[in-house]
Amino acid sequence: MVMDPNKAQDVWKDAGEHVQFTVLELKREDQAKEQEAIQEFVDRFQAITRSLRIRDNKGNLKVSLGFSNAAWDYLFPNAPKPKELEDYETLTGPEYEMPAIKGDIFIHLRANDEAVVYEFMSQLMHFISDVTTVVDETKGFRYFEGRAIIGFIDGTENPEPQDAADYAIVGDEDPEFINGSYAFAQKWRHHMDIWDKLTTEDQEKAVGRKKFSDLELSEQEKFKNAHNVASQATIDGVEQKIVRMNVPYSDPASGNTGTYFIGYARHWSVTKKMLENMLEKNDFLLSFSDILGGQLFFIPSRPLLDQIAEGEFN
């Protein structure tokens, strides 16, 4: 079998302008009822996507839908499982930790118009609200020039667009789940008052790049725990990559400002290694941030979504 990005969900390009991340938890009150509801939900998810792309043909709507390991066991108990899908459990380092949160269903929406995001989610919840509760709902946005909320260009370490699919989409190493993807979603809250007190020079040393031009600093110029050093992952001597679509979120009047990290990967082991390295090396970004929680989800291919909708995958 050959990987085909056209059969994948929207996991390998375009972070979007207006963004929403939603994590839901199944009520687990009636398994058969909830399995049936999920089948209709998945069918409607695809139908609403098609409809809104027609209604707003310039909206650039991109969507992805995924399930956690716990949800997979509950909804598809007799079906095979992606090789690397597991429960994400809190990771702990010398000074910091990356806590896990509960969550069964993950929805990632982005479009050029906030109205499209609203309409999509509003319609979708008609078919899922009775069997789920909301764990987290976060609205993100594109900051100036696609920068992170801390002022630096985000996604510099992403693979080139023409290569991105190979890093984000499962290949023939797991043929039953080819064209799927492992999504790790993690919510950070930043103490911007601490960050803003740093000089631009120290901010650059902390990130490992020039703030205006985005040029990478030399190893001698960076802090030892600079973000672009601590977040690297090398396996068998080869630097690994994932596809990041991080966006800022903020309620500026209350000071609730942060970054929603979303990484799509062909291999969860790569993302996990990056997280472990950030903890082991005390990534500078952790020094002024609180990680509110994260969870791992598998994003099925579109043909597999069809199977789920038709009740053929349980």
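N179 has a positive phi of about 75°, although it is not a glycine. The model is predicted, so local features need pLDDT of at least 70 and side-chain atom pairs count only at pLDDT 80 or more, while totals for chains, interfaces and linings use all residues. Residues are numbered from 1 along each chain as its sequence is written, and side-chain values use heavy atoms, with hydrogens and water left out.

N179 lies in the loop between α4 (161–168) and β7 (181–190); helices (H or I, at least four residues) and strands (E, at least two) are DSSP runs numbered from the N terminus. N179 counts as buried because its relative accessibility is 5%, where buried means under 20% relative accessible area, exposed over 50% and partly exposed in between (1.4 Å probe, protein chains only). D214 also has a positive phi of about 75° without being a glycine. D214 sits in the loop between α6 (200–207) and α7 (227–230), and its relative accessibility of 15% makes it buried.

Q20 belongs to strand β1 (residues 18–26) and is buried, at 2% relative accessibility. Its side chain makes polar contacts with the side chains of T22 (3.2 Å) and K139 (2.5 Å). A polar contact is a pair of N or O atoms within 3.5 Å; within protein, one must be able to donate a hydrogen and the other to accept it, and residues adjacent in sequence count only if both atoms are side-chain atoms.

The largest nonpolar core has 69 residues, and F67, M98, I105, I107 and I150 have the most contacts inside it. Such a core is a set of buried Ala, Val, Leu, Ile, Met, Phe, Trp, Tyr and Cys residues joined through side-chain atoms within 4.5 Å. Helix α1 (residues 31–55) gives the most to this core, with 7 residues. A second, separate core of 22 residues includes V11, W12, V243 and Y264.

| Pocket | Volume |
|---|---|
| Largest pocket | about 460 Å³ |
| Second largest pocket | about 350 Å³ |

On a 1 Å grid over the protein atoms alone, a pocket is an open set of points where a 1.4 Å probe fits, with protein on both sides within 12 Å along at least five of seven lines; lining residues have an atom within 4 Å of a point. Grid points are joined across faces, edges and corners, and a volume is the space filled by probe spheres set on the points. α1 gives the most to the lining of the second largest pocket, with 5 residues.
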